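The following exercises are to be worked with the sequence and the coordinates at hand. Each task is followed by a solution in steps.

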Amino acid sequence: MGPLVDPFLDNEFMLRALVAGCLVALACAVVGTFVVLRGLAFIGDALAHGVLPGIAGALLLGLPGIGGALVGAGVMIGGVTLVRRRSRLSGDTAIGLLFVGMLALGVVMVSRSESFTGDLTRILFGEVLGISWSDIALQGAATVAVAAVAAVCARPFLMLSFDRDQTQVAGFSAELYDWLMLGMVAVTVVVSFQTVGTLLVFGMLVAPPATAALAARRIGAMMALAAAIGVVSVAAGLLLSYHYDLAAGATIVLVEVAIFFAALTAQGVRRPARVATA
Amino acid sequence: MTAGGAVRAEGLAVGYDGRAVVDDVSFALEPGQALAVLGTNGSGKSTLVKTLVGLLPPIAGDARVLGEGPGASPARVAYLGQVSPSGFVLPLRAADVVAMGRFAARGLLGRMRADDWRLVAAGLARMGVSGIAGAPLESLSGGQRQRVHIAQALAWRADLLVLDEPTAGLDVAGRELLSVALAAERARGAAVVMCTHDISDALAADRALLLSRRVVANGPPAEVLTREAVMETFGLVLSELPGGHELAMDPVHRHDGHGH
């Protein structure tokens, strides 16, 4: 057990990383399940990049990055909705435009300041080994909030994944619950950026639920399986990074993606593959 | 049962973004009655029923559903839209899909009661899919899934059932189960609005509305299913109907006639 447990007992930074990573994994399992079921992967990806100028702007002004990230996510969702309504372009095109625009804006803002180069890496890839207990408290509050919203809105969220029109006819505002779902994605991305970074959180959002979708027959089971895969990946990724001196956040995500392809291969051996992408 | 009948349409124009697909639709449907909306693809059938359930705002005219504006009473109006084929099938069991039919009545947080589960079980039984209630949706055939979707609409126990091409993908047995189930719904006082491009479905209804981006005919099937109306609606002349019926001008027989 030594090499599997000792790193977390001997180093508080490893313990904090484990707790923070597990909280991100739990939030991502809940939200990511709906991202995969509803085909929201692209907007999830766009949000993950779209928060960059918000964070950069906040840091330039000397404000907390998380506030800027929230503003960035709000601009992203609002912009996508606006383009889609005004232009008759498909959602994908609207998301793509905002995605690349926000990313470019973020890079331009970062390029204005030499001292930002290190910050950019931290924003994109997180700093899971440098997380503080107050960051963890925030992450924990976000995880609880996201899980509570998912529990309360379980019926409309389930119906939305099944049939949008029927959701509306059943008396649930499809638009309201769409917004709530996007809000959950945004909150998860924003509060996770300190842990695994805005680029990598997207992997945690999609890979474990996609793996779970290969096996699960019920949505609750899919969520639970995604949470288990996420937690195991966080622990495994941290241990690999500790023993082999690898980038921690990236190793976690790599483990998750590797598990997906291992599961896909195992499933392909047993029965024909089914489409499980967004 | 309901003041103002089940559905009243007065000079109703329906369409998208302010552009009418069909206009000047007027009809009245009483509780226990069935309306068949006939037409080819693109004739405006789905646009009309989407307006009746509140998914689209009327462009002109007035629609009253169960005495209220469309969409005002979710628990009383069941809707089954055309099921679009999707590459990814949700991880759900057949019974989970049917249980969604009770969500309108139970709302966001109301507990599912024993009565709700009885209606779910009854819906499954009436469409002959009780045996696959626990089966994952992805393991079912297209026809089985359609039966599950219809079972969901039945579990709604609505006062108005709005079904958009419910027979699509159903086998003969499935169609028979649907027709028996709809007769039972009507017997307890529920009204039915059903889109179809199958003329024999329309013969079982109290009223037929023939659409071809305008109202071609509107009235009792025996009177309105004339050769001319069918020709204009579908763009072809059928000498014989699927059930062995002959089209009006010749007398129209209302029931599947083995003795015909």
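**Exercise 1. A covered helix in chain B**

Task: State which residues of α1(B) are buried, and how far the helix as a whole is covered.

Solution. Step 1: The buried residues of α1(B) are B:Lys45, B:Ser46, B:Thr47, B:Leu48, B:Val49, B:Lys50, B:Thr51 and B:Leu52. This is a predicted model, and the assignments in these exercises rest on it.

Step 1: Just after α1(B), B:Gly54 adopts a positive phi of about 90 degrees.

Step 2: For chain B as a whole, 47% of the 260 residues are buried. Its secondary structure comprises 9 helices and 9 strands. Of the contacts in chain B between residues at least 6 apart in sequence, 67% join residues at least 24 apart.

**Exercise 2. The nonpolar core**

Task: Identify which residues touch the most other members of the largest nonpolar core.

Solution. Step 1: The largest nonpolar core has 172 residues, and those touching the most other members are B:Val37, B:Leu160, B:Val162 and B:Val193.

Step 1: The element that gives the most to this core is helix α2 (residues 12-38) of chain A, with 17 residues.

Step 2: Leaving aside residues up to four places away in sequence, B:Val162 touches B:Val49, B:Leu52, B:Val53, B:Val77, B:Ala78, B:Tyr79 and B:Val193. Two of these, B:Val49 and B:Leu52, are also among the buried residues of α1(B).

**Exercise 3. The side of chain A that touches chain B**

Task: Describe how many residues of each chain are in contact, and which elements of chain A take part.

Solution. Step 1: Chain A has 23 residues in contact with 21 residues of chain B.

Step 1: On the side of chain A, two or more residues come from each of α8 (154-162), α9 (164-169) and α12 (219-244). The most are given by α8(A), with 5 residues.

Step 2: Sorted by class, this side of chain A holds 13 nonpolar, 4 polar and 6 charged residues.

**Exercise 4. Two partners of helix α10(A)**

Task: Determine the geometry with which α4(A) and α2(A) each pack on α10(A).

Solution. Step 1: The axes of α4 (residues 65-87) and α10 (residues 174-192) of chain A come within 9 Å and cross at roughly 150 degrees. Since angles over 145 degrees count as roughly antiparallel, α4(A) and α10(A) are roughly antiparallel to each other. The crossing of α4(A) past α10(A) is right-handed.

Step 1: In this contact, α4(A) supplies A:Ile66, A:Ala69, A:Leu70, A:Ala73 and A:Ile77, while α10(A) supplies A:Leu182, A:Ala186, A:Val189, A:Val190 and A:Val191. By class there are 10 nonpolar, no polar and no charged residues.

Step 2: For α2(A) and α10(A), the angle is about 150 degrees and the axes are 10 Å apart. Therefore α2(A) is likewise roughly antiparallel to α10(A). The crossing of α2(A) past α10(A) is left-handed.

Step 3: Here A:Val24, A:Ala27, A:Cys28, A:Val31, A:Phe34 and A:Val35 of α2(A) meet A:Met181, A:Met184, A:Val185, A:Thr188 and A:Ser192 of α10(A). This contact has 9 nonpolar, 2 polar and no charged residues.

Methods. Residues numbered from 1 in each chain as written. Chains lettered and ligands numbered in written order. Predicted model: local features only at pLDDT ≥ 70, side-chain atom pairs only at ≥ 80, totals over all residues. Helix = DSSP H or I, 4+ residues; strand = E, 2+ residues; numbered from the N terminus. Buried ≥ 20, exposed ≤ 12 C-beta atoms within 10 Å, placed from the backbone. Contact = placed C-beta atoms within 7 Å. Core = buried A, V, L, I, M, F, W, Y, C linked by C-beta atoms within 7 Å. Nonpolar A, V, L, I, M, F, W, Y, C, P; charged D, E, K, R; others polar. Axes fitted to C-alpha atoms, helices over the stretch in contact; angles between N-to-C directions. Parallel < 35°, antiparallel > 145°, perpendicular 65-115°, else oblique. Left-handed = near helix turned anticlockwise from the far one by under 90°.
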